[in-house]
Amino acid sequence: MNIKQKVPVTILTGFLGSGKTTLLNRILSEEHGKRIAVIENEYGEIGIDQGLVINADEEVFEMSNGCICCTVRGDLIRVLGNLMKRRDKFDYVLVETTGLADPGPVAQTFFMDDEIRDEFALDGIVTLVDAAHIDQQLVHSNESSEQVAFADVLVLNKTDLISDESLDTLEARLRNMNRMARVIRSKQAEVSIDNVLNLNAFDLDQVLKRRPTFLEPEYPFEWTGVYPLEPGRYELSLEDGPDPTMSLIVVTDQDTSETALNTGAESCVRLYAESPELLHPGNTLPLGKHVSLQLQSQGRKSFFLEINKSQNIGLFTQHTAEEFDIKVIKEDTSVADDIINNQRDLVISPKVERIWVAEHEHDDEVGSIAIERLGDVDPEKLNRWLSQLLSEKGVDIFRTKGFISYAGESNRMVFQGVHMLFTAQPDKEWGDEPRRNQLVFIGRNLDEEEMCREFEKCLV
Amino acid sequence: MSGVEVFSPQGMLHKSWTAQVDDYAITCGWVLHGKAFLVGDVAGGLYSFEAKSGNSLWQQKEVHHGGLLAMSIHPDGETFATAGQDGHVLIWNSGDGSSSKVLELGTGWVEHLKWSPDGLFLAVAFSRRVYLFGIDGQEHWRSNEHPSTISSIAWSRSNELATACYGRVTFYDVATKQVKQKLEWQGSLVSMVLSPDGDVVACGSQDNSVHFWRRSTNQDSEMTGYPGKPSQLAFDQTGTVLATGGGEVITVWSFLGNGPEGTVPGQLSLHTKSISSLAFSNLGMLLASGDRNGSIFVWFIRKDGQGDPLGAAFVDDLVGAIAWRPDDSALATVNAKGGVNLWDFKMRTKSSAKGFS
């Protein structure tokens with residue numbers, strides 16, 4: 001029998017425009033002696049010049065039991081299941097996710113599927129951050145903060161686009177959210193390979209706990225309508241609505257498939273992060289720009305759209321079309337001489353509409369808690385507390401790492417966790433070192449005081 | 001069945017011939033009425049061996065750029081089809097290994113294909129759609145997009161095709177090109193088999209369970225407690241028992257009476273690694289099983305799902321596929337090292353016909 005080494009897998013996440021593909025190409029072109037298989041999301045930014053690239057359509061599979069830690073990525077199971085039969089062709093796997101991907105199911109795939117677990121080992125999660133846009137992305141998107149929270153390495157990219165001072169503030173913010181990750185600064189994703197591959201950041205068996213449903217992704221806009229428009233001038237009319245202003249982005253060439261809508265949404269999340277141009281009734285709407293419609297006046301308000309080629313136009317609006325009775329109307333130049341055309345025929349119906357789950361207000365709900373105490377803990381008490389903590393808060397705890405001094409145990413115990421998948425293993429002997437404990441939790445809305453108090457109760 | 005007594009396992013599998021293919025063998029089957037044995041490897045190699053001698057009849061290399069993913073042999077055994085990572089389906093002549101048709105589905109993997117029982121159609125799953133082609137390679141029909149990538153396809157009869165994907169099984173009437181029935185359940189269905197009468201649908205699920213539906217009564221149930229994903233499922237040809245993998249133990253559910261709900265399944269436990277392949281004989285209640293280690297067992301299964309081993313063999317690496325010769329006189333396996341092994345199979349009982357009737 002030959003003893004097979006598990007193939008290490010690195011997950012590469014980050015928002016659209018953060019530089020994932022640049023980093024990927026850099027890794028692939030460098031002389032590192034590894035044969036890397038790349039699993040790229042279907043809408044990769046640019047082509048990758050390498051042999052073994054497999055495109056996968058991100059498919060998140062939730063289980064009937066509603067357990068979030070059982071949620072896996074079906075596409076990865078399929079692709080890796082076939083790749084494992086071609087182990088002579090590669091010795092490393094890189095998984096690139098779309099910007100809107102939740103890293104949880106990706107990571108869990110490597111622990112929850114028995115066949116994948118036997119052949120592959122998650123090595124680490126690398127998250128690229130666009131230094132110029134991450135502040136706003138963190139405000140507008142849960143995925144962005146979860147990608148920061150899950151990371152073992154945070155590559156703070158495009159540092160040349162902001163001042164050193166802002167960079168320091170940003171790094172402090174990110175470190176506060178995820179105190180376990182190494183932060184590396186880069187301009188054009190020029191990162192040493194050693195900093196992203198072979199990290200051995202995971203060392204996890206699995207512990208299974210059940211938990212309730214998961215949050216849906218949140219967006220800074222509530223509605224999308226895709227309109228098939230011929231060249232010409234159009235009126236966007238709005239009636240009185242619930243707010244005196246409304247943000248909007250007009251997206252050109254918006255396809256109507258589910259994936260295209262998600263891709264459009266992703267780029268709009270990014271555009272929404274930019275400060276809007278204020279538009280008043282009668283103004284023309286710029287394409288692909290974040291605008292804020294000023295709707296203070298009473299009654300119907302009109303804005304205009306100039307379309308120069310036949311295409312699908314996507315409106316990503318802060319409120320639903322219904323709330324303002326939004327209409328897209330073709331300006332008909334022939335109306336004067338052709339009375340048969342009436343107004344109703346000129347109202348364009350959207351081909352596709354989509355309601356998005358709007359975001360909640362938050363100010364870095366995601367953060368790290370580090371508990372450090374000297375002394376020994378009672379394994380039973382600790383176990384009881386952690387079990388309870390993870391079953392109640394596992395949804396909101398993304399990553400856990402730590403080491404513990406068990407009373408009466410000569411070796412240090414090491415902890416690892418993703419959501420409520422959790423493992424403890426004996427590590428090196430304590431020897432002469434002072435016996436102490438360190439536990440780091442990264443999660444959403446964690447109560448630091450209470451967790452410290454509960455941990456202290458576990459001390460001997 | 002009580003009259004059946006079998007000899008000790010030794011001697012039931014008589015080693016016949018072995019052969020070697022270039023890469024990890026993932027699929028195999030008998031063609032030309034059991035006169036030739038066909039093997040496909042992951043790199044896209046196809047090999048035909050003479051059934052008696054194991055001599056090579058023909059071979060083809062790298063028939064699919066990127067690799068081979070699936071093979072289906074036409075019911076008449078004269079023709080077969082392969083699918084691969086290049087998004088192509090190829091139709092082949094079993095006799096000389098010449099390719100007669102290339103069907104290009106697009107960019108992406110073609111992972112599943114099956115000939116209809118009457119041999120008129122080839123069903124091909126490509127991403128979220130299933131396509132039907134005639135034997136001439138003409139597209140007859142394609143389905144709408146499924147909610148996720150199709151994970152399995154099966155024919156319940158010559159004019160009815162089933163697909164499985166995340167969350168549902170769909171039955172299509174091939175004549176009217178309409179959806180006939182949808183069976184929904186929130187779970188990732190990774191494998192599917194249908195009972196020979198087409199009434200029972202069994203799916204292995206990502207959450208380590210097997211889900212059953214009875215189409216006639218609309219009843220469904222879930223069998224949980226598997227240590228792994230039950231990707232391997234096999235009905236015997238009478239539809240009495242369903243053998244399932246999903247761990248080292250083979251779990252056999254019996255559909256006698258009101259079963260399998262509320263009954264205790266047969267548990268066949270001799271394998272020491274997870275089951276990687278299961279195949280029932282063409283007649284009778286003989287089950288061949290292979291595991292990730294390379295162990296192979298042949299079992300005699302009773303109608304209540306209990307079973308006894310008849311023979312064993314070892315092929316050194318993960319058993320990729322097992323195929324009984326059409327007359328059940330031989331058993332062939334292929335493994336992850338490209339090893340091809342053939343055994344003559346003899347079952348001697350005091351009343352020899354009974355084991356097969």
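Leaving aside its neighbours within four places in sequence, which residues is Val155(A) in contact with?

Reply: The model is a predicted one. In it, once the neighbours within four places in sequence are set aside, Val155(A) is in contact with Leu23(A), Val126(A), Leu128(A), Val129(A), Ile184(A), Ser186(A), Ala189(A) and Val191(A).

These contacts belong to a wider setting. Val155(A) is among the residues with the most contacts inside the largest nonpolar core, a set of 199 residues. In soluble globular proteins, nonpolar side chains tend to be buried together. Another core lies apart from this one; it has 30 residues, including Tyr272(A), Leu305(A), Leu315(A) and Phe324(A).

The domain assignment of chain A places domain 2 at 223-355, besides domain 1 and domain 3. The centres of domain 1 and domain 2 of chain A, taken over C-alpha atoms, are separated by 35 Å. Contact between them involves 14 residues of domain 1 of chain A and 9 residues of domain 2 of chain A. On the domain 1 side of this contact, 8 residues are polar, 4 are nonpolar and 2 are charged.

The contact between the chains has another composition to report. Here 18 residues of chain A are in contact with 16 residues of chain B. Helix 2 (74-83) and helix 4 (114-119) of chain A each supply at least two residues of the chain A side, and helix 2 of chain A provides the largest share, 4 residues. By class, the chain A side comprises 10 charged, 4 polar and 4 nonpolar residues.

Leu122(B) counts as buried because it has 26 C-beta neighbours inside 10 Å, the cut-off for burial being 20 or more. Leaving aside neighbours within four places in sequence, Leu122(B) is in contact with Ala81(B), Leu113(B), Trp115(B) and Phe133(B). Gly134(B) stands 12 residues from Leu122(B) in sequence, and their C-alpha atoms are 6.3 Å apart.

Two open sheets of chain B may be described in turn. One has 4 strands in the order 1-30-29-28, with antiparallel pairing. Its edge strands are strand 1 (13-20) and strand 28 (319-324) of chain B, each pairing on one side only. Neighbouring strands of this sheet are turned by 20° against each other on average, direction ignored. Strand 1 of chain B is joined to strand 30 of chain B, residues 339-345, by 7 bridges in the antiparallel sense; in strand 30, Asp344(B) is the bridge partner of His14(B).

An open sheet of 4 strands in chain B also has the order 24-25-26-27, again with antiparallel pairing. Strand 24 (275-280) and strand 27 (307-314) of chain B each have a single partner strand, so one side of each is left without a neighbour in the sheet. Strand 24 and strand 25 (residues 286-291) of chain B pair antiparallel over 5 bridges, and the bridge partner of Ile275(B) in strand 25 is Asp291(B).

Technical notes:
Residues are numbered from 1 along each chain as its sequence is written. Chains are lettered from A and ligands numbered from 1 in the order in which they are written. This is a predicted model: local features need pLDDT of at least 70, side-chain atom pairs count only at pLDDT 80 or more; totals for chains, interfaces and linings use all residues. Domain bounds come from an automatic or database domain assignment. Two residues are in contact if their C-beta atoms, placed from the backbone, lie within 7 Å. Ala, Val, Leu, Ile, Met, Phe, Trp, Tyr, Cys and Pro count as nonpolar, Asp, Glu, Lys and Arg as charged, and the others, Gly among them, as polar. A nonpolar core is a set of buried Ala, Val, Leu, Ile, Met, Phe, Trp, Tyr and Cys residues joined through C-beta atoms within 7 Å. A residue is buried if 20 or more other C-beta atoms lie within 10 Å of its own, exposed if 12 or fewer, and partly exposed in between; C-beta atoms are placed from the backbone. Two strands pair if DSSP finds at least two bridges between them. Axes are lines fitted to C-alpha atoms, for helices over the stretch in contact, and angles run from 0 to 180 degrees between N-to-C directions.
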